[in-house]
Every structure is written in structure tokens, then in C-alpha cells.
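Hi,

Here is the structure I promised to send over.

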Amino acid sequence: MMNKPGRTGPARILDASKYSLKGLRAAWKHEEAFRQESMLALIMLPGALWLGTNATQRSILITTVIIVVIVELINSAIEAVVDRISTDHHPLSGQAKDIGSAAVMLSLLLCISCWGMIAAERFL
């Protein structure tokens, strides 16, 4: 398969950045869960710098928060593609959406468990 012709080098990076920002704006506008998790991240990220007692702990706290936001973006993209194909009920459409939702849930559980363990170590 041949590469599709297009811009290269810095121009391609600029285009990709524009598309990424467009995607973030779309997620903010259309996805309530993304807005909620983003607002929580804005609170938690500075909290990670305070809660973590070393670079490793801070990195874990920050990474788990960012993972939640990333997985929510992927889940939103899956839902948009499924809805684009058809809004009719189909078992595979439901399965795709459920699996995306499960990924978000697991990322949230990972975040909660890491934050809980580091908080327990610090305060207990």
C-alpha cells in the first residue's frame, strides 16, 4: 500500500495538531463525560504534585489521571463511529459501546486505586 500524498515535515505536524485540537473541541462540546473528567483532571493534576512525595509517585498520579481522559476520548470516538454507521439497535453496536465503557471504567478504577494507595501511604 502506498502512502497517501499530502503534506510532510513541519506542515504535516501542524496539520495534525490542528486536527487534534479540533477533536478536543468536539469532545468538549459534545461529550458530557469528557467535560466532567477534564474538570476533575484540572483539580487532580495540581493535587498530584502535592500528594506525591517523590517523582515516581507524582508520575503515577499524573499518568493515571491522563489515562482516564485518553480512554474517554477513545470511547467517545468509538461511540461516534457506531452512531455514524447506524442508530438502529444492533448487538455488535451495543457490544462496541459496552467495551468502550468498560475501558473507561477500568481506567477510573486504576486511577482510584493508585491515588488511594499513595494517599494511604502518605497519611496512614
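This is a predicted model: local features need pLDDT of at least 70, side-chain atom pairs count only at pLDDT 80 or more; totals for chains, interfaces and linings use all residues.

Gly23 has a relative accessibility of 35%, so it counts as partly exposed. Its C-alpha is 8.8 Å from that of Leu73, although Gly23 and Leu73 are 50 residues apart in sequence.

Staying with H1, which covers residues 9-30, the next thing to look at is how it meets H2. The axes of H1 and H2 are 5 Å apart, and the packing angle is about 105°. An angle from 65 to 115 degrees counts as roughly perpendicular, so that is the label for H1 against H2. On the H1 side, the contact is made by Leu24, Ala27, Trp28, Lys29 and His30. H2 brings Glu32, Phe34, Arg35, Ser38 and Met39 to it. By class, the residues of this contact are five nonpolar, three charged and two polar.

Now the core. The largest nonpolar core has 13 residues. Met44, Leu51, Leu61, Val65, Cys111 and Trp115 are the ones with the most contacts inside it. Three helices each supply at least two of its residues: H2 (32-51), H3 (55-85) and H4 (91-123). Which of them gives the largest share? That is H2, with five residues.

Leaving out residues up to four places away in sequence, Trp115 touches Met44, Gly47, Ala48, Leu51, Leu61, Thr64 and Val65. One of those, Thr64, sits in H3. Its relative accessible area is 4%, so Thr64 is buried.

On to H4 itself. H4 has 33 residues, and from its first C-alpha to its last it reaches 47 Å, close to the 48 Å expected at 1.5 Å a residue. Its buried residues are Gly100, Val104, Ser107, Cys111, Cys114, Trp115 and Ile118. If you look at the spacing of that list, recall that an α-helix has 3.6 residues a turn, so residues three or four places apart point the same way. And what covers the buried residues of H4? The cover includes H2 and H3.

Ile118, also in H4, is worth a click. At 9% relative accessibility it falls under the 20% cut-off, so Ile118 counts as buried. Beyond its neighbours within four places in sequence, Ile118 is in contact with Leu51, Gln57, Ile60 and Leu61. Ile118 and Gln57 are 61 residues apart along the chain, yet their C-alpha atoms are separated by 7.1 Å.

Last, the pairing of H3 with H4. How are these two helices arranged, roughly parallel or roughly antiparallel? They pack at an angle of about 170°, and their axes are 9 Å apart. Angles over 145 degrees count as roughly antiparallel, so H3 is roughly antiparallel to H4. The contact between H3 and H4 has 17 nonpolar residues, along with seven polar and five charged ones.

Happy to go through any of this with the model open.

Cheers

Conventions: Residues are numbered from 1 along each chain as its sequence is written. Side-chain values use heavy atoms; hydrogens and water are left out. A nonpolar core is a set of buried Ala, Val, Leu, Ile, Met, Phe, Trp, Tyr and Cys residues joined through side-chain atoms within 4.5 Å. Buried means under 20% relative accessible area, exposed over 50%, partly exposed in between (1.4 Å probe, protein chains only). Helices (H or I, at least four residues) and strands (E, at least two) are DSSP runs, numbered from the N terminus. Contact means heavy atoms within 4.5 Å. The expected span of a helix is 1.5 Å times one less than its number of residues. Axes are lines fitted to C-alpha atoms, for helices over the stretch in contact, and angles run from 0 to 180 degrees between N-to-C directions. Angles under 35 degrees count as roughly parallel, over 145 as roughly antiparallel, 65 to 115 as roughly perpendicular and the rest as oblique. Ala, Val, Leu, Ile, Met, Phe, Trp, Tyr, Cys and Pro count as nonpolar, Asp, Glu, Lys and Arg as charged, and the others, Gly among them, as polar.
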